Structure formats: structure tokens, C-alpha cells
2 protein chains.
Amino acid sequence: MTEFGLIDFAARLFADVDRHGWEAIGDDCTVLDIGGGEVVALTTDMLVEGVHFLRDAASPQELGHKALAVNLSDVAAMGLRPVATLLSVALPKGMEDKWARGFIEGYSDLSHREGVALVGGDTTSSEVSIAINVVAIGRGPASHVKRRSAACAGDEVFVAGELGASALGLADILAGRTDTGYAAIHRNPEAQTAEGAWLGGRSEVHAMMDLSDGLASDLMHILRASSCGAEIDVETIPAVGGDVRAAVCGGEDYKLLLTAAGERAETLQRDFGVEFGRELYRVGRIVAAEPRIRWIEHGMEIHPDWHGFVHF
Amino acid sequence: MTEFGLIDFAARLFADVDRHGWEAIGDDCTVLDIGGGEVVALTTDMLVEGVHFLRDAASPQELGHKALAVNLSDVAAMGLRPVATLLSVALPKGMEDKWARGFIEGYSDLSHREGVALVGGDTTSSEVSIAINVVAIGRGPASHVKRRSAACAGDEVFVAGELGASALGLADILAGRTDTGYAAIHRNPEAQTAEGAWLGGRSEVHAMMDLSDGLASDLMHILRASSCGAEIDVETIPAVGGDVRAAVCGGEDYKLLLTAAGERAETLQRDFGVEFGRELYRVGRIVAAEPRIRWIEHGMEIHPDWHGFVHF
């Protein structure tokens, strides 16, 4: 059973259970309206040694940072600010304290920088492999919540940073070049928390998510949820090192992908530039069509073999 | 580093981070006041194959049930009703679908029975071992929340069910007797969710927690948090099969342990009996003393070598 097969199976089994106000699975977070115009949002990720990381390929500090960053990114993708986390860690029996301390230090350093509290968790032993589970909790105005299903024909498509550095870094690491700048980016992803909360406050932003599996794969989630198509102008994709394939197919960039009302596109880009001193890249548009990406290069449709990163 | 060493280390590192309204670690759940007189409570547990369970010693359905039950018990221990969960599962590559389906079915069956929604999660692969992380979410009136720190001298101590069956079942399983009634209880613990929510509404109930590590160990958490002592009348402990050692030192009973104002003890017991058709057992009293348990047998202090279950 694939990851999605198992999720579908669970979704069918639970279809008849009262959700007590929690919104259905399908976005980066699950959202609960808590009244007073506010919501709480939750997301969770499990990382397993040998699958998501190798103990020797990253320092424990880097792994602590990354385990947290990928979850903060999911909260940012909803347009909310992360406020707290829960951390579960299973460590092999007899493992040195140094690793656990380093991991918690990396997790704590990023938590301090982002102002995110650690409010619960679990520690236990394992037989062989390290396993880590992080839950991130966001909170903010209900009106700020951005959903994958909110894209409309006429929207422009944006990405909030350059793409592909993490994939280039992974390639470096696999080739034994562990000390390159790209390798460091792969090991130390940054969540766009400030950008996410700011974009949450912009009503012209419609759909939003974070790029964890690559533009080619992740944009399809928005298109399917919103029942629309997209045209992407390949030459406008902000590809690190000019490597468009890495930018489109590579995973783990954790940059925000969003759609916004076309008539507000320039204002949004200008205000984003003023706020963050960096560009909000416009890469295409949403169209009334089947959920499919048309890749356009200098005005002509091309048919590249681009697809996203498949986990599991 | 022990489990508690790691938690202390993390607590020190995070001491200066704004908690955004989340109450500090130390109870079965972390609690957030969401306004309107209501709270949300969260708890999490990680279960690892080879440490918490053996793949062949329980069916996947039983494991799905148990993974959920232990978390629902933590919510019940706060005096709140569980409403939703998040489930993360890491499964070894190449594992048969049947196991995953069975696990989700067991989890779903108990969720249906308790009216608890599945509102998020993660599925991934692992190299060798199954790892499971469950987050349970409770919601209810802020005035119902019971804390470990609320015991007072003059309170009576109660347990909301018979103790020791799970430990006897574990002994049976380890001896190869996997089909006894106790073994079934060990594999299929029930959380006292109805009892927890009902006791939450009783203002005479002061401190509460669930018995996961045995009375000898868990009562000490209440005594330390409340800065008081306890006298336990050994002959009143509702020990399954008369095995007091199993009742006091055995883990995983998941019965509620609580203290309540002495002058309301009889009313509480009577009302509990009317509500649930079962006894709320009075086993001792809270006294103004150092955090220590005095074991009293027929009026005389005894000094048994009783201690709780130590994980990790």
C-alpha cells in the first residue's frame, strides 16, 4: 500500500465520525475554529533514520533544526504563525547522550529564533533506528487561513523564493561533496514563517502550500483541490544555478507556492519586496481547465518529463 | 541519558521561550485556554516495535486499539473528553498491506466507539521496525481540568477500577500463555474516557492522572507536584486476583487515580456507582508531609519493596 493508499483507506473508515469542528484532511494543517475569529492549526511529520536521514550525513544539531523547520513550513503554508510544538523521540538503547543533546540543541535554537514553545512530547527507546515525530501548532485569525482549494482561474502563480538548491545539495551529498553551500542548504532548510504569516494577511492571496516535493508535484495538489489548470512560464522559474529540472522536480525547498488575484499581482509583488527585501516570483497563471500543468517556454508549450519527488 | 534526563534538558533549554498560553509540561496533557471558558488539551505517545510491542505478540487490530487507548487515557486523566487524534505511522519497506490495514481498523473501531475523529497524520517507511506516534486532542470546560498539583491534605485517594490485570497479562504472555483473559486485557486496554469526563465535572475531585506505571510510581507524581504525602491502606487496594504487588507495581492498567475532598468522598463514591454501576475505590488519604507514600496494613506501617515500572 502506498502512503496515499493508506491515507485513503483511513479516510474512508473515518468518513462517518463527527469531526468536532476540525476541518478535513487535505491541507498542510488541520484547522479548528476556536471562536472569537481565531483558529488553531496542527501538522505532524515523522522522520525515520535510514529513510529520511543518515546519522552520519548530518550533525544532530542540523537534524534537530530540520525536523522542526519542515513542520513550521506547513504552518506557514496555511498563512498562520507557528506558536508551539510537541516532540517525540525514540533513541536506540545504549546511544550516546551527545547525539540527543545535540538534536535538542538544534531544535531549541530554531525554536528560539522563531519564538516557538515546546509544550509536550515523549521520549522512549528503540532497538536500532532513531525515530522522530514533530507536531507543530499554529494560531491566528480565521480569515488568514489559506487553503489548497482556493485557487481561481485568473489567479497568478507565485513562488516566494528560489527553487532547486536543496535538490542540488542532495546530489552533492550523494556524490560525497558534503561541504558545498547547496549541501548545507539541504541539511538546514529554512521555513518561510514570516512570509507565510504576512501572506496570510493578504486577502488577494487565494491558495497556498509549501514546496516539499517540487513544483511539478505540489502545484498539482492545488490544481486538483481547486479543479483548475495552470500554465507555467518555464523561463520565469527562479531556478538556482539555472537548473530548471532541479527547481521543478527537486524536493525539500520549503518555499511557499501561492496563487493570487491577477489584478493585485503587481501590488502584492511590490509590497512583498518592501517587506522582505526579496522578490516574490511570478511563474504562471491559473486557467479554467482540467487539473494539469501546461509548461510554456517562450510562448510555446513543451512536454518535459517532469514529475515530483515520491516518498514511501 | 534517561527519559527524564532528556526531558529536563529540553525544559531548561526552553525555559525562556514565550509559551503563547500553553501550560507547562508536567501533566498528562498540555492545556491551552482558547477563551469562552474552554480549553484544548494535547498529549502524545510514541510506540516502537521491539520496545513497546512485538509484531507477533499482538494482532495489528489490537495494536491499533492500544496505541489509541493509551492516549485517550491521558486526555481522560485531565477531566476532558477526547475529540480528535493525529496518527503517524512508519512501516518497514516491503511490509504486507494486511498489517497496516489491520492496524488502522483497530484504531478506527475504538475511534468510532469513543466518537473521536482522525484529523491528521503522516505515513512513511522505515528500514526495519514499525514506529507509531499518536496525538490525542481533548476539549472541554476550563473549570473541569484536573492537575497533578491539586491534591490537598485531607483529600481521600481513589482509583476508578481494579488494578494489576495488565501486569498479570504481561506475565502470562512472557510465559507463553497468550490466550488468558489477563493477556487479552494487557493487549486491549480500555481508557476510562466516560469516567474521566464525568470526574472532570465534579468540583470535589482535586488531582487526577492515569495509572500507566503503577500506583507506587504514579501516585508519587501527584505527591511531588502537590507537595504532600499519602497513606495507602493496602488491604483496600482493589487488586485483581488478590495480587497486591501486581496492582501496585504493574504498569498499563490505565485506570484513573484521583484525590477528592474528604468530606465529599461518600457522595462522590455513591454518585459514581449510580452513574457507572461500578465502584470508585477509596484506597487512602493525602496528608501534610514530605512527598512519600506510607503503606498501611491493618493500621500498621509496612515497608515493602514496591516501585513502579521504569520505561526507557
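**Chat about a predicted model**

Q: Where does B:Glu252 sit?
A: B:Glu252 is in a loop of chain B, between helix H8 (244-249) and strand E9 (256-261). Keep in mind that this is a predicted model.

Q: What is phi of B:Glu252 near?
A: Phi is near 65° there, which is a positive value in a residue other than glycine.

Q: And is B:Glu252 buried or exposed?
A: B:Glu252 counts as buried, because its relative accessibility is 18% and the cut-off for buried is under 20%.

Q: Chain A now. What is the phi of A:His20?
A: A:His20 has a positive phi of about 50°, although it is not a glycine.

Q: Which helix holds A:Trp99 and A:Phe103?
A: Both lie in helix H3 of chain A, residues 97-114. They are four residues apart, about one turn of the helix.

Q: What do B:Trp99 and B:Phe103 form?
A: B:Trp99 and B:Phe103 form a stacked aromatic pair, with 5.5 Å centre to centre and 15° between the planes. Both are in helix H3 (residues 97-114) of chain B, four residues apart. B:Trp99 counts as buried at 10% relative accessibility, and B:Phe103 is buried with a relative accessible area of 1%.

Q: Which residues are linked into a cluster by ring pairs?
A: A:Phe14, B:Trp99, B:Phe103 and B:Tyr107.

Q: What does the charged end of A:Arg101 sit over?
A: The charged end of A:Arg101 sits over the ring of B:Phe9, 5.0 Å from the ring centre. From chain B, B:Arg101 lies over the face of A:Phe9, at 4.9 Å from the ring centre.

Q: Back to H3(A). At what angle do the axes of H2(A) and H3(A) cross?
A: They cross at roughly 40° and come within 6 Å. H2 of chain A covers residues 60-76. The two helices are therefore oblique to each other.

Q: Is that crossing left-handed or right-handed?
A: H2(A) passes H3(A) in a right-handed crossing.

Q: Which residues of H2(A) and H3(A) meet there?
A: H2(A) contributes residues including A:Leu63, A:Ala67, A:Leu68 and A:Leu72. On H3(A), the residues they meet include A:Trp99, A:Phe103, A:Tyr107 and A:Leu110.

Q: Last topic: where is B:Gly284?
A: B:Gly284 is in strand E10 of chain B, residues 281-287. B:Gly284 counts as buried, at 1% relative accessibility.

Q: What is B:Gly284 in contact with, leaving aside its neighbours within four places in sequence?
A: B:Glu156, B:Val157, B:Glu231, B:Ile232 and B:Asp233.

Q: And what separates the C-alpha atoms of B:Gly284 and B:Ala165?
A: Those C-alpha atoms are separated by 21 Å, and the two residues are 119 residues apart along the chain.

Note on methods: Residues are numbered from 1 along each chain as its sequence is written. Chains are lettered from A and ligands numbered from 1 in the order in which they are written. This is a predicted model: local features need pLDDT of at least 70, side-chain atom pairs count only at pLDDT 80 or more; totals for chains, interfaces and linings use all residues. Side-chain values use heavy atoms; hydrogens and water are left out. Rings of Phe, Tyr and Trp (its six-membered ring) pair if their centres lie within 6.5 Å; planes under 30 degrees apart count as stacked, over 60 as edge-to-face and the rest as tilted. Buried means under 20% relative accessible area, exposed over 50%, partly exposed in between (1.4 Å probe, protein chains only). A charge sits over a ring if NZ of Lys or CZ of Arg is within 6 Å of the ring centre and within 35 degrees of the ring normal. Axes are lines fitted to C-alpha atoms, for helices over the stretch in contact, and angles run from 0 to 180 degrees between N-to-C directions. Angles under 35 degrees count as roughly parallel, over 145 as roughly antiparallel, 65 to 115 as roughly perpendicular and the rest as oblique. A crossing is left-handed if the near helix is turned anticlockwise from the far one by less than a right angle, and right-handed if clockwise. Contact means heavy atoms within 4.5 Å.
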